[in-house]
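Dear colleague,

I am handing over the structure below, and after it I set out what was found. Please read the notes with the structure open beside them.

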Amino acid sequence: MPIFIDRRLNPKDKSLGNRQRFLRRAREELKRSIRDKVQAGGIAELDREHAVPIPRKGTGEPTFGDDKESGRRQHILPGNRTFSSGDLIPKPGGGGGYGSAPGSAESDDNFRFVLSREEVLDLFFEDLELPDLVKLNLKQVLSFKPRRAGFAASGAPTNINVGRTMRNSHGRRIALRRPKQAELDAIARQIAELEAKPASALVRERLATLREALDRLERRRKRIAYVDPVDIRFNRFDPQPVPNVNAVMFCLMDVSGSMGEREKDLAKRFFVLLHLFLTRRYERTDIVFIRHTHEAKEVDEHTFFYHTESGGTVVSTALEEMHRIIEQRYPVAEWNIYAAQASDGDNFAGDSERCIELLDRKLMRLCQYFAYVEIIDERESHIFGATENGTSLWRAYNAVDGKWPNFQMRRIAAPADIYTVFRQLFARQPDLRKSA
Amino acid sequence: MVSQVRNSELLFSGSDWNFAKLARVYDEIEALGFEELGLDIYPVQMEVISSEQMLDAYSSVGMPLMYRHWSFGKRFLYNELLYRKGARGLAYELVINSNPCIVYLMEENTMALQALVTAHAALGHNHFFKNNHLFRQWTDAGGILSYLDFAKSYIARCEERHGLTAVEAILDSAHTLMEQGVFRYRRPPKLSSEQQREGLHERLEYEERSFNDLWRTLPPSGKSKPEATDETLAERKKSLKLPEENLLYFLEKNSLVLEPWQREIIRIVRIIAQYFYPQRQTQVMNEGCATFVHYTLMNMLFDRCRIGEGAMLEILRNHSNVVFQPAHDDPRYSGINPYALGLDMMQDIQRISTAPTAEDRDWFPDIAGRGDWRDTLLDAWANHRDESFVRQYLSPTLIRKWRLFMLADSADEPHYEVASIHNERGYAKIRSALAQSYDVGASRPDIQVIDVDLLGDRRLRLQHTVKNGIMLEGGSRDATLRHIRNLWGYEVSMVARDAETGAMLSERSTKEI
């Protein structure tokens, strides 16, 4: 008898290590696949599994192999039906063996494999940690929901707790010995009986005592109320802070001619990241896309990223549009409002002042968070790197930045910057509640 | 009552299997195999695995233990996709040439299939592994598992010490040369035992510790550079044992840049390549032997009423799927099916031995009509590889049955020419050409190290011997040469020389790439 070993319960993912090595190897190509997907697909689509073609570049395994186009060969094939020696058979077009080269040229194009969500995110954010760590640092909007919290001696009449009130009243009545109706009834009955009898001195005297007792009891009953204000108890409600489960994210982008493909791509990445972050945090996340040239419009995602429009650049129009939409659709009490603005920093002369005012007076009070990213040329990055100097919008926003802790601004020059910038943006912990 | 007796004689009924049934079937099949076919096998270890585990095993070249490399991950993805899409089923079994012989059974198999697989792998393949001379001489069934275990942990240790990238670079380069990493003619040295390996490592570590860079900086003693006369050239070639066909071996021993751990990794790849070399030379025989054994044994069991009719039907259905051979113009055609060819040739030997025709007596005077087909087969299984087996035993009857024909294919002609068909003039030619196509040594490019100028520019010179004008494919050749340069450390060049005329056809150096 042979040895039997049941291996079915052994760990299954024996080749997981190989898979990881393969993904690392094909990293560049996979990254490109994911990037294409993100560019083609919607912002909200990143955060899930993706099927990607099996990468071929960098994963070839070369060996010395024969050149199919040279030399003399002999093939032995089965199933001859009509041929006899000396027959000539034209070669099928495109070279290659006469069916004898067994499927060497596999068409790899159909092969797609599924990357898990984590792998996708990892590739997308270029092997940086995901913003889980940031989560805790995020200030959160509190809205309040009343929650039962015991009883109170005061409150609104609608909140009276009858059961509790009557219990108090009963106790008090016992303690103060409030006469019961039955006692009064008994005395009244005695009085009636005596009155029916022929009047004698004894009877009269007895009637007088009874009447006096009845009177005393009735007075006592009147003095001790059945339900006294001290008995009354109200249901007590405490306002319980609850995190808002809805978030709306405003994407504001300058789409005037100065924003090229590169700028838009970078902006998109930043938006994707913010969206990802919000979806992890909130049950429901809306996205509002506002694009602007010299006038602002709310548009759908596709238009936002892919339609170009010519015109000047007036940033304040976008802020106004955002404010209008908030007023209309997103009451501050119910929504956490996030805004991300991407621009190359151009603005119509004099408009920056208006932006400051809009932000300062209106928007910053409503927003949970306002992030401004300025997309600059890579060559500029070292010039502007650390200085406060910059475009007109940058200088204007600097003023807002100083004033509002939930306003952040950064410069982005390359895709690799985005995550770090994002991290910086969310790393600070402004200890502020919703200051309305 | 009668049917009950019959039932109790059946080895199993129903499609569910359990370990008791497996053991009963195995014992029966083994006894039959010994008695009727004279098989001789390694002890068997049967392991039941799930389909995921089978996919895992596929991607690590069928071995239960393997070091980690991205190419296995890639292979896994391919196999998984094919399997998921239903383009390819999984094998019912996998068998490993080891002692004890490990047979994987899939849990999804029915009992009838498990019986088939037991006969096929645990007896057929097992007998072949134990008795065929290639496996006996060139592989070490007893040591392979412990060697793989060593290889896996050694490479894992290297990854820890030197980083994934460094290890991967060496493995990549070594993998490209796996085909050139076997001794085709010289017998490879035995696998060293665990003890020897320990000793080796201690020695390497001692060398690393006691390395003194000072000696390297000593000025060369003699100023006169030796002249490159024919004599010194011959001397040098002799001292390096050139020409050398095993490129991995040469690089492992003589590379100028490799660290000891890198050499050890090359050695691991080389040993694994060597281990699989006999399997590539004996596909037809190995599968033929296993198929012949399962077919014969299953029929014997059925004749003795040990297997029910339903189970036998299932077995035959699977059997005929395995040995299906579409004709060359069938869209399903993808080369000659080794299972089909092997089984047909072995059954043909049986026929020639018991009921020969006059033609058979002409072609096979040694075995025709002798009736001892068992001994003939046992002898063939022990002493042949595909090439010699076809050359010796492919009969005209079989050539007619398969309607084999030969196409001459010259790259510069717009036509194929039908050179031979299944007729009197063609038999010998078809047989010899088919045999030739199974000669792994002849059908793979012949590339050897011919010279290396250690005192000059240290260029490694390779020679590709061009047979029948078949050159190497340019892109993959350049990529492979780059890998060789990585391992050698200096420039590498390769000349292509015609095998017959000796004329130089082309030369390619890594400098030009």
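Of the 513 residues of chain B, 42% count as buried, where a residue is buried if 20 or more other C-beta atoms, placed from the backbone, lie within 10 Å of its own, exposed if 12 or fewer do, and partly exposed in between. Please bear in mind that this is a predicted model, in which local features need pLDDT of at least 70 and side-chain atom pairs count only at pLDDT 80 or more, while totals for chains, interfaces and linings use all residues. Residues are numbered from 1 along each chain as its sequence is written, and chains are lettered from A and ligands numbered from 1 in the order in which they are written.

Chain B holds 22 helices and nine strands, these being DSSP runs numbered from the N terminus (H or I of at least four residues for helices, E of at least two for strands). Two residues are taken to be in contact if their C-beta atoms, placed from the backbone, lie within 7 Å; among contacts in chain B between residues at least 6 apart in sequence, 71% join residues at least 24 apart.

Leaving aside its neighbours within four places in sequence, B:Val103 is in contact with B:Val44, B:Met46, B:Glu93, B:Val95, B:Ala121 and B:Ala122.

Turning to the interface, 56 residues of chain A are in contact with 79 residues of chain B. On the chain A side, the elements giving two or more residues are strand S1 (3-6), helix H1 (16-25), strand S3 (72-77) and strand S4 (88-90), and the residues of that side divide into 20 nonpolar, 20 polar and 16 charged; here Ala, Val, Leu, Ile, Met, Phe, Trp, Tyr, Cys and Pro count as nonpolar, Asp, Glu, Lys and Arg as charged, and the others, Gly among them, as polar. Strand pairing also links the chains: S1(A) and strand S1 (residues 44-49) of chain B pair in the parallel sense over four bridges, where pairing requires that DSSP finds at least two bridges, and the bridge partner of A:Ile5 in S1(B) is B:Glu47.

Within chain B, an open sheet of four strands has the order S6-S7-S8-S9, with mixed pairing, and its edge strands are S6 (446-452) and S9 (504-509), each pairing on one side only. S6(B) and strand S7 (residues 460-466) run antiparallel and are joined by six bridges, B:Asp451 having B:Arg461 in S7(B) as its bridge partner. Helix H22 (residues 474-488) of chain B lies across S7, S8 (492-498) and S9, running at about 130° to S8(B), with axes fitted to C-alpha atoms, for helices over the stretch in contact, and angles taken from 0 to 180 degrees between N-to-C directions.

In chain A, strand S2 (residues 50-53) and strand S5 pair in the antiparallel sense over four bridges, and A:Phe113 in S5(A) is the bridge partner of A:Val52. Strand S5 (residues 112-115) has a covered face, A:Phe113 and A:Leu115, and an uncovered one, A:Arg112 and A:Val114.
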